[in-house]
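Trainee: Please give me a close look at a single part of this model. Take it step by step, and follow it wherever it leads.

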Amino acid sequence: MTAAAIRQARRGTAIVAVLCAGMTALVAVQYRGLDGALGAESLTALAENPAIRTLFGPPVGLDTAGGFTVWRTGTVLAVLVGIWAALTATRLTRGEEEAGRFDLLLAGRLRLQALVARVLVVVLVAAAVIGVAGALGLVLAGTPVAGAAVFGAGLAGTGMIGAALGVLAGQLFPERRSASGLAVAVLLAGLLARMVSDGVPALEWLAWGTPFGLLGRSAPFAADRALPLLVLGVLVTAVAVLAVASAAGRDVGRGRVAGRDRRARPSRLLTGLSGLAVHRTRRPLAGWAAGAAAYFLLIGLLATSMTEFLRDNPAFADLAAQAGFAQLGSVQGYVAALFTLLAVVLGAFAAARVAATAGDEMAGRLTLLFALPVHRARWAVTEATVVGAATVVLAAAAGAAAWAGAAWVGAGLGLGQALAGALAGLPVGLLCLGAALAALGCAPSAVLAVGVTPAVGGYLLLVLTDTFGWPGVVRWFSPFAHLADVPAEPWNAAGAAGMVAVAVLLAAAGCLRYVRRDLRN
Amino acid sequence: MSATSPSVPALRMEGLSKRFGTTEAVADLSLAVPPGEVFGFLGPNGAGKSTTIRMLLGLLRPNTGTAWIFDVPASDVQRAHRHLAYVPADVALWPSLTGRECLDLLAGVGPGTDPAYRDELLERFALDPDRRARTYSTGNRQKVALVAAFATRAPLLVLDEPTSGLDPLMEREFRACIAEAARRGQTVFLSSHQLAEVEATCSRVGILRSGRLVEVAGLADLRRLHRAEVVVDLAAPATGLQRLADLPGVADLRWSSPVRLELSLTGPPGPVLRALGDADVARLEVREPSLEEIFLDYYGQAPA
Ligand SMILES: Nc1ncnc2c1ncn2[C@@H]1O[C@H](COP(=O)(O)OP(=O)(O)OP(=O)(O)O)[C@@H](O)[C@H]1O
Ligand SMILES: [Mg+2]
């Protein structure tokens, strides 16, 4: 049984571990290669910018390769590892239970609680392995072992929190999708709390309740504090105990939170293909939009803390301009920099929705549909259209929230500007949609991974090229190189048109394969 | 229902084959089912029944060969599927939708449903349609697909082991529905493991083994295949029973002890029962052989 869970988790563990080790090692080695060419002054200026602080956490130890690497990649990797662990945990618990495979295992002497505990241990160990890999990458790049160990422990702890949250959510909800949604939402709320704690001095204590805040407080390579890691350990233990405890005394196949099993009035949407596509997109869209809106409301609310900072530090604008970040000098530049992140979210949403279609196919849920007079291309186009429209709604929700936050503190950001900035990332979302559809046709088991590549891979590529001055040819391949800093700059229409064209090509190629290949299940 | 000429077969396959890697799931399968026939599609596990049906529905692409539904190529699903309704072996529904929502969806997207008949079917199959699919058992999910399929009144029903999750009561209802469909002139293509079910409902059967069609026969010929294993326990040894071996339909007479005999019986059991009447029979057991046993008997174990 434990062996089955290990088998199902090992590939993902290996990929995430390699990614963590590779990213940290790469950034650390590159930093050394620069040999201080970045300039301590420009680094400090960059790091003191509230926008950057909000995104990456308080900069400490930027003068060392390890400290710089942790500051630059720590949050991104921690979010990645946490979400991966949460999704893996819900997949191996609630997902397996939903598919009826727990029934078979529980036919023996094994009790549900023991089974859940074993799966949890497997994912906890996977998170630990990933943490070790992240630390190993740093050590191999020649950074001090102590700092690397602190960072690795923080990374592992974040993954463990994700794993425990995933298992807990899997006990609460009877469906994997809602369980995954809850676990990821709690994790991202933790990220928001960390951001609030970094942006609002009065709420600094919030950092002690979230793995991301604790990772920052442990200050790898600067202070190497043990206390935050200890608190992180306590947090992991608490959530894990709660998760296993809530597995006791419930029926297999049911959740603690009893969703209603009956509904007398059928949904009126469910009478046609487009209605079905809207029905299945509605709730995920609401969840993603709520998350994105909360994040960008906060970004908007923090806008004045930056304008105040600018007023108090007139020298900063010059420094930032010299460092090539002139745009950060205005509210518009600040939100534009953060809307770049929204593009990643849009892409992830689009890819996740196409992945849901691929998942439905694997689970056999599309078989009845495709036995009706429904051409697969018609379903793919209907679904893609609805997902595309949902992506626009998601972007607009984030833009409106940023505007609302900025308006609340009187930061001087127009609604039109906010919406334009948010919608500017749409081409990246569509690119991900196209890539995901291509994968649906050619590699249906890798839809999510392929689908998020233009967004996540492109973002990382841009960050790396900009930090280390790689040649422009490399930069060109990142979709983000073709996005303008809207609303600080005018919209890059040519770039957008190019990306949409690539997206359409990818989608068309995917659909062609999709209608020709065998249906899986 | 579509207007189709009686000379056009409801379904036709020619040289259909499908490989999965090195497994040859279906090999060179040719078959035609005339409209109005109830056709049983038999075969042991892994024979390729589901694969054949999934090719028929355009869910799998055949490596070679073509299939037609009322002369429409199976790959043209938009047209071909206007004439058929399908029940898969393993029905998966969206867990958060209620049974009624699934039925509404299938009816809304499908080629047309008789709502009054659907409500009647819901009653007959004792399905509570307001429950969410995640609370349904295997049999209940199968019922949703069966109700949806029968309610379409499509001229062709393609059913892949539709009763594997049904209890005997529901199984009886299912047989009644098949009979009604046959009376209405619908064609039924029924894949099954249950010889009794096939015998009760089908007029012709095809037997698949290792991906090849080894027999296509009418029901009368099927009875020839149908042997019963008879086990007789005697209260006291009886000598006169040796002549059982000479009775018509009896084969393979074995004495496992002086008071226990076993034989295979084809055809009516009357003569055997009369012969046993003289002996002191303590217990009589008549067991129908499994489909597999018949297969092994008739076609040997050599790969087809
Ligand atoms: N997607 C697939 N990939 C690889 N092999 C497959 C796949 N689907 C079916 N097979 C193989 O093809 C053969 C035929 O399978 P199929 O499901 O058609 O059998 P079946 O007659 O329906 O069996 P059952 O009575 O158990 O339902 C089997 O050997 C099976 O293992
Ligand atoms: Mg089958």
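Mentor: Start with strands 11 and 13 of chain B. Strand 11 covers residues 227-234, strand 13 covers residues 260-266, and seven bridges join the two in antiparallel fashion. Two strands count as paired if DSSP finds at least two bridges between them. Touching, or contact, means heavy atoms within 4.5 Å.

A word on the ground rules. This is a predicted model: local features need pLDDT of at least 70 and side-chain atom pairs pLDDT 80 or more, while totals for chains, interfaces and linings use all residues. Residues are numbered from 1 along each chain as its sequence is written, chains are lettered from A and ligands numbered from 1 in the order written, and side-chain values use heavy atoms, without hydrogens or water.

Now the whole sheet. It is open, with four strands of chain B in the order 12-13-11-14 and antiparallel pairing. Strand 12 (250-257) and strand 14 (281-287) of chain B are the edges, each pairing on one side only. On average, neighbouring strands of this sheet are turned by 15° against each other, direction ignored.

Chain B has another open sheet, with six strands in the order 6-7-8-3-9-10 and mixed pairing. Strand 6 (84-87) and strand 10 (212-218) of chain B stand at its edges with a single partner each, so one side of each has no neighbour in the sheet. Look inside it. Strand 3 (residues 38-42) and strand 9 (residues 204-209) of chain B run parallel, joined by four bridges. There, L42(B) stands opposite I207(B). Strands 9 and 10 of chain B pair in the antiparallel sense over six bridges. R204(B) has G218(B) as its bridge partner in strand 10. These two strands form a hairpin with two residues between them, where S210(B) takes a positive phi near 45°. Positive phi also turns up at E161(B), near 40°. That residue is in the loop between strand 7 (156-160) and helix 6 (168-183) of chain B.

Next, the partner chain. In chain B, 39 residues are in contact with 39 residues of chain A. The two chains bury about 3,600 Å² between them, 56% of it on carbon and sulfur atoms. Buried area is the accessible area (1.4 Å probe) that two parts lose on being put together, summed over both. In chain B, L59(B), W94(B) and V109(B) lose the most area to chain A, together 19% of what that side buries.

Charges matter for the next count. Between chain B and chain A there are five salt bridges; each is a side-chain nitrogen of Lys or Arg within 4 Å of a carboxyl oxygen of Asp or Glu. K18(B) and D518(A) meet in a salt bridge at 2.6 Å, N to O. R262(A) and D128(B) do likewise at 2.4 Å, N to O. R262(A) lies in the loop between helix 10 (227-245) and helix 11 (273-312) of chain A, and D128(B) in the loop between helix 4 (115-124) and helix 5 (138-152) of chain B, so the pair joins two chains.

Among the elements of chain B that supply at least two residues each to the side touching chain A are strand 1 (11-20), helix 2 (77-80), strand 6 and helix 3 (99-109). Helix 3 of chain B gives the largest share, seven residues.

Notes. Axes fitted to C-alpha atoms, helices over the stretch in contact; angles between N-to-C directions.
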